[in-house]
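These are my notebook entries on a structure that I went through chain by chain. I record what I looked up and what I found.

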Protein chains: 2
Amino acid sequence: MRTRERVHAAVCTVLLERGRDGLSVDHLAEASGVSRSTIYRTWPDLAGLTCEVFAELMTRDPLRLSDDPVRALQEYLGDYARRLNDPVYLAVLMAIIEGSAHDLEFAAAHRKAFSQTRSRAGSIVRKLQREGRIDTELSVAQCVEDIVAPFLYRRLITQQLISLNQVNQAHRLLLQRWDTRGVSR
Amino acid sequence: MRTRERVHAAVCTVLLERGRDGLSVDHLAEASGVSRSTIYRTWPDLAGLTCEVFAELMTRDPLRLSDDPVRALQEYLGDYARRLNDPVYLAVLMAIIEGSAHDLEFAAAHRKAFSQTRSRAGSIVRKLQREGRIDTELSVAQCVEDIVAPFLYRRLITQQLISLNQVNQAHRLLLQRWDTRGVSR
């Protein structure tokens with residue numbers, strides 16, 4: 001493995017085992033077998049390194065979504081659950097969220113990552129509206145929040161894994177809630 | 001101020017300014033003016049100290065909810081938004097969430113805090129169901145998630161403050177979504 005890969009893997013290991021608290025050059029050197037001086041020289045800033053790792057996790061195994069937006073929504077939810085269920089992804093995500101309150105580099109990585117997520121989810125919602133599958137009056141931002149907030153809450157707060165059954169339930173619930181045309185109100 | 005109050009205030013300041021990363025006895029001594037040895041002796045474990053501070057923030061300014069569950073839901077949402085909007089509360093919350101993945105004491109504090117939140121929100125939902133204001137078939141756990149997940153997502157991920165207008169919108173949206181009796185499906 002190349003130095004970069006070894007250090008990236010070490011960031012994941014350290015964040016998983018110790019959290020952001022334990023992210024130090026000493027721990028990274030120990031976990032990667034790369035010398036402290038090389039780590040210092042290549043990544044003068046550990047926030048930048050963590051963001052690099054997160055960007056890589058975000059773009060790994062990109063999902064090709066179906067043309068049918070109803071199916072695409074299910075695929076998106078399944079992929080999102082799969083990523084959140086991965087303890088390494090979750091540990092790096094938490095480090096980014098926690099770090100972004102105090103560190104400009106973390107905050108920039110955070111904004112970039114979540115605007116990507118939102119824009120993918122948003123295009124599914126807009127396609128559902130164009131094809132008349134859901135209420136066209138709904139705010140896209142509200143629908144994106146409906147898609148992403150619950151799973152994030154489950155993983156961060158109730159700390160449960162998201163099952164395939166829950167993915168299917170969420171898919172049904174969203175389509176039902178977004179289709180308000182039958183509501184007599 | 002007593003030692004405990006000064007150190008508690010210092011935990012808030014340090015977490016707000018530096019994050020969990022910066023939570024060290026040195027920084028706490030500097031921010032509180034309490035000696036390092038006293039801090040070491042009184043709080044051998046900084047996780048325990050952080051949890052103590054969080055428990056205090058959770059129970060500060062307890063809200064008396066109205067008997068009418070529709071109004072109680074609005075009060076609950078408003079109070080929840082107020083707490084999440086407080087940068088100190090959010091910083092301590094993030095430290096607890098991040099820490100609970102790696103530290104048993106954090107994890108226990110986390111579970112306790114969120115089971116309290118869930119049980120308060122759950123009793124509002126059950127009362128709404130008993131009084132026939134919303135569908136009685138709905139899962140209480142699902143409704144609790146509907147209440148708490150969106151604001152948490154907004155503060156942690158989109159990093160926006162929650163306005164009074166958004167509290168009112170959320171209140172209307174929840175009641176509308178939970179009242180599925182008029183849906184012709």
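This is a predicted model: local features need pLDDT of at least 70, side-chain atom pairs count only at pLDDT 80 or more; totals for chains, interfaces and linings use all residues.

**Entry 1**

The side chain of Asp86(B) meets that of Arg60(B) in a salt bridge, at 3.7 Å from N to O. I traced both partners to loops of chain B: Asp86(B) lies between α5 (69–85) and α6 (87–100), and Arg60(B) lies between α4 (46–59) and α5. The two residues are 26 residues apart, and the pair links distant parts of the chain. Arg60(B), with a relative accessible area of 43%, is partly exposed as well.

**Entry 1. How the two copies are related**

I superposed the chains next. Chain A can be laid on chain B by a turn of 180° and a shift of 0.0 Å along the axis, with an RMSD of 0.0 Å. The two copies are thus related as by a two-fold rotation axis.

I asked myself through which surface the copies meet. Of the interface residues of chain A, 100% are also interface residues in chain B, so the copies meet through the same surface.

**Entry 2. The contact between chain A and chain B**

I recorded the extent of the contact: 40 residues come from chain A and 40 residues from chain B. The area buried between the chains is about 3,600 Å², and carbon and sulfur atoms give 52% of that area. In chain A, the residues that lose the most area to chain B are Tyr153(A), Ile157(A) and Arg177(A). Together these three account for 18% of what that side buries.

I then turned to the polar side of the contact. Between chain A and chain B I find 4 salt bridges and 10 residue pairs in polar contact.

Which elements of chain A give two or more residues to the side that touches chain B? I listed α1 (3–18), α6 (87–100), α7 (104–130), α8 (140–158) and α9 (164–178) of chain A. The most comes from α8(A), with 12 residues. Sorted by class, this side of chain A has 17 nonpolar, 11 polar and 12 charged residues.

I followed one pair of residues in both directions. Arg177(B) forms a salt bridge with Asp146(A), and their closest N and O atoms are 2.7 Å apart. In the other direction, the side chains of Asp146(B) and Arg177(A) meet in a salt bridge at 2.6 Å, N to O. This second pair crosses between chains, from helix α8 of chain B, which holds Asp146(B), to helix α9 of chain A, which holds Arg177(A).

I checked what else surrounds Asp146(B). Leaving aside its neighbours within four places in sequence, Asp146(B) is in contact with Arg177(A), Leu174(B) and Trp178(B).

**Entry 3. Salt bridges over the whole structure**

Asp26(A) is in helix α2 (residues 25–32) and Arg36(A) in helix α3 (residues 36–42) of chain A, 10 residues apart. Asp26(A) counts as partly exposed, at 43% relative accessibility. Arg36(A) likewise counts as partly exposed, at 40% relative accessibility.

**Entry 4. Ser163(B)**

Where is Ser163(B) placed? I located Ser163(B) in the loop between α8 (140–158) and α9 (164–178) of chain B. Its relative accessibility is 32%, so Ser163(B) counts as partly exposed.

How values were computed
Residues are numbered from 1 along each chain as its sequence is written. Chains are lettered from A and ligands numbered from 1 in the order in which they are written. Side-chain values use heavy atoms; hydrogens and water are left out. Copies are superposed by least squares on the C-alpha atoms of residues with pLDDT of at least 70 in both. Contact means heavy atoms within 4.5 Å. Buried area is the accessible area (1.4 Å probe) that two parts lose on being put together, summed over both. A polar contact is a pair of N or O atoms within 3.5 Å; within protein, one must be able to donate a hydrogen and the other to accept it, and residues adjacent in sequence count only if both atoms are side-chain atoms. Helices (H or I, at least four residues) and strands (E, at least two) are DSSP runs, numbered from the N terminus. Ala, Val, Leu, Ile, Met, Phe, Trp, Tyr, Cys and Pro count as nonpolar, Asp, Glu, Lys and Arg as charged, and the others, Gly among them, as polar. Buried means under 20% relative accessible area, exposed over 50%, partly exposed in between (1.4 Å probe, protein chains only).
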